[in-house]
Each structure stands twice: as C-alpha cells, then as structure tokens.
Amino acid sequence: MTALDRTTGVAAAQGFRAAGVAAGIKASGNPDLTLVVNDGPAQAAAGVFTTNKVKAAPVLWSQQVLTTGRLRAVVLNSGGANACTGPEGFQDSHATAEKVADVLGVGAVEVAVCSTGLIGERLPMDAVKSGVDIAAKELAGGPAAGLAAATAVMTTDTVPKQVALTRSGFTVGGFAKGAGMCAPNMATMLSVITTDADVDQSTLDKALKDAVARTFNRLDVDGGTSTNDTVLLLASGASGVKPDAAEFAQALESVCADLVAQLQADAEGVTKHVSITVRGAATDAEAVAAARTVARDPLCKTAFFGSDPNWGRIAMAVGNAPTAFDPQALDITINGVAVCRAGGRGDDRSLADLTGREITVEIDLHAGPGTGTVLTTDLSHGYVEENSAYSS
C-alpha cells in the first residue's frame, strides 16, 4: 500500500490493536468508547493539544502523562467532554487511566485519555469502566478493528474518518473525529495516529508538531477552538524499519492532510468545501492570517453558501486581516475567474460558477513572498440548526 487507503486506519500498523464498543455513555446506545493499545516493542509517543485556556480534564491528564514521551494505550470516549467539571473531572480521567492500566497490566502514567461531547457534565464512570472491560476483550488488529475505533469516537460526525499509508516498509495510520467547533488549534477534534516505524521520541515530536501546523491547524470551520482538542502519535517500532526523519515526516503529513480533508467534508451542515490561498504576503504567517480572516468571516461564508461570487466581501475581510499590503494591488480570483484586479473590478463576477461543491479562492497581495492556505466551509441553515439544538 503506497497510496492512501481509507479502508483501514489506527490498527493498520504492526504492534497495534484497537476496539470500539458501546459502553452506555450515550443515551442512544451507539458506540462510545475506543481503546487503542501499543504492544511495542517501543512505546514512543508525542501529542499536540488545544491552546484554549479552558482545557478539559482529559487534556490536562494526557499532557501530564506525555511528559514521559511514551504511551502504552489511549482510551477515548464520546458522549461527554469531561470539560469544566472541576477536580472531580480530573479524578474521573485519572480513574479511567487506572482502569485501563489495571486491565492491560501497565501503569496509569502510560495511558492517555481523550473525551468528546457536551461540555459541563460528569461522565457516567460505571459505564466508562465497564466499557473498558468490554473493549479490552475485543482488541484486535486490522481494518475492522480500526473502523470500530474510528466509529466509537463520533459525536455530530456523520461518517467515521480513517486512513493509512504504507511506504518503504513502514505504516502510518489513524482516525480523527470532528465536525463542528472547528478551528485552530485544532478543532473539536480527537485524532490518534499510529506507526510501526522505529522512530525516536524527539523525531516523533517534531514531525507531529510540523504536520499539525500545516494540516489540522489549517482547517477553520467556525473559529471555535475546542476545550478537548488532542492529536496523539504512537510508535511501536514493530516493523523494524528506521526511516529518515524527512521520509517519516512526509508520510505522517500525508495521513494528517487526508484526515483533515475528511473532517472538512463532514463539517456540520456543510454544502461547500472552500480553499482559500493567499499569496504575496510579507511572510507565510501573514498569508495564513489573511486566509483565516476570510475563512472566518460570516459574510463571506454566507456568500459561499449562496453560491454568490461576491468578491467585495472577500476584499473587506482581507482588509481586516493583520496583514500589511497595498489595497490598490489586491487581486482576487474565485474558481479561476479574476474577479478583482489591482484593487478594483476585474472580469464579470457572473463568470465565476460556484454552484458546485468546491470553491477555490486565490488572493494575491503583491507584498512579499509569503503564501498560505486555509480550508473552510460555508455557513448554512444546517449548521445553524444543528448547533442551536446540540445540547438537547
């Protein structure tokens, strides 16, 4: 498998087993607890977490245990975020890790915990603990186990999201969940990625941070940085292959980018997939900032929903970005039509066909060599309706 394969995921790499089960956390009875286990021989791990000041208890727990640079297992639940739950919530995360450790015969400090769902409610710990027992009995490798794991972390997602890639004798695979409250850093998003490459912890850490910066942190659905965002990368070394750092980083970024494309495609209420590229900024960081300003602007997003090539809204949004440029040099192209040239009217905007699902916006500031792309979606009736009723 040298191409990306969405039929398999977190259990594709050698040395990993996974399971996804219905523990009774969700009232619906749908799958709601996932367990991923690294059987080694190595247990190197890295993580990237939300930058929100209000961090969920499992984020605080996982950040703490990852200071060792190793993990034997990750347990994830949907149906409750365990955020804004005080000291008791942290104790629940600790107790969850201890339960997994007891079942697997490892230490609690080797177990990361992730949660997703409604903020502000304690988890039903009896269900969580019994779910761990059930999941431990169902642990397996291969595509079916990976799909079950990806399914049990879903909240408002409509489809599970997973992918794997094998290159030069090693595999990288994983899953992600997320559909709304999506913005850096990173999204209402949980992702577990595994590899059987023999990679040391410092290489894992750098590769993950770089990949997240260019993939997960470039998806901006609604500007909402969640309390629970977590991306974890675990390496078993079971393939015996030691790729060079650049080759491993490239494979990891390919997997992350594909997961992000799946997150964008399944965003809440999405009817348009929008790619916004800014060129000619003073720096790459300024280009990304300008693209992000357009991606988050509600007037631009509603125009995308209405298939309206209203480039004036894009010009307005770019002008609000923390980016230096001469407005008389601004160029805007929408789906291949140069609707704005040199800060004024370009080709007839009606030539830009936005009736399809894909919209590409290209903005040139002519102020330097910086470039950056941000992915977003439209602001639809469906998004408003889904988020207005989420807690119920």
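## Helix α1 and its cover

In this predicted model, helix α1 spans residues 57–65, and its buried residues are A57, P58, V59, W61, S62 and V65.

## N82 in the loop between β4 and α2

N82 lies in the loop that runs between strand β4 (73–78) and helix α2 (86–104). Because buried means under 20% relative accessible area, N82, with a relative accessibility of 1%, counts as buried.

The side chain of N82 makes a polar contact, at 2.7 Å, with the side chain of T85. When neighbours within four places in sequence are left aside, the residues in contact with N82 are A56, A57, P58, G89, D92, S93, S115, E121 and L123. Two of these partners, A57 and P58, are also listed among the buried residues of α1.

## The packing of α2 against α3

Two packed helices are described by the distance between their axes and by the angle between those axes. For α2 and helix α3 (residues 125–138), the axes come within 10 Å and cross at roughly 25°; since angles under 35 degrees count as roughly parallel, α2 and α3 are described as roughly parallel to each other. The crossing in which α2 passes α3 is right-handed.

On the α2 side, the residues that meet α3 are D92, A95, T96, K99, V100 and V103, while α3 contributes M125, V128, K129, V132, D133 and A136. Sorted by class, this contact of α2 with α3 holds seven nonpolar, one polar and four charged residues. D92, which takes part in this contact from α2, is also one of the residues in contact with N82.

## The packing of α5 against α6

Helix α5 (residues 201–214) and helix α6 (residues 245–265) have axes that come within 9 Å and cross at roughly 40°, and the two helices are therefore oblique to each other. Their crossing, that of α5 and α6, is right-handed.

The contact is formed by T203, L204, A207, L208, A211 and R214 from α5, and by A245, F248, A249, L252, E253 and C256 from α6. By class, the contact between α5 and α6 consists of nine nonpolar residues, one polar residue and two charged residues.

Methods: Residues are numbered from 1 along each chain as its sequence is written. This is a predicted model: local features need pLDDT of at least 70, side-chain atom pairs count only at pLDDT 80 or more; totals for chains, interfaces and linings use all residues. Side-chain values use heavy atoms; hydrogens and water are left out. Axes are lines fitted to C-alpha atoms, for helices over the stretch in contact, and angles run from 0 to 180 degrees between N-to-C directions. Helices (H or I, at least four residues) and strands (E, at least two) are DSSP runs, numbered from the N terminus. Angles under 35 degrees count as roughly parallel, over 145 as roughly antiparallel, 65 to 115 as roughly perpendicular and the rest as oblique. A crossing is left-handed if the near helix is turned anticlockwise from the far one by less than a right angle, and right-handed if clockwise. Contact means heavy atoms within 4.5 Å. Ala, Val, Leu, Ile, Met, Phe, Trp, Tyr, Cys and Pro count as nonpolar, Asp, Glu, Lys and Arg as charged, and the others, Gly among them, as polar. Buried means under 20% relative accessible area, exposed over 50%, partly exposed in between (1.4 Å probe, protein chains only). A polar contact is a pair of N or O atoms within 3.5 Å; within protein, one must be able to donate a hydrogen and the other to accept it, and residues adjacent in sequence count only if both atoms are side-chain atoms.
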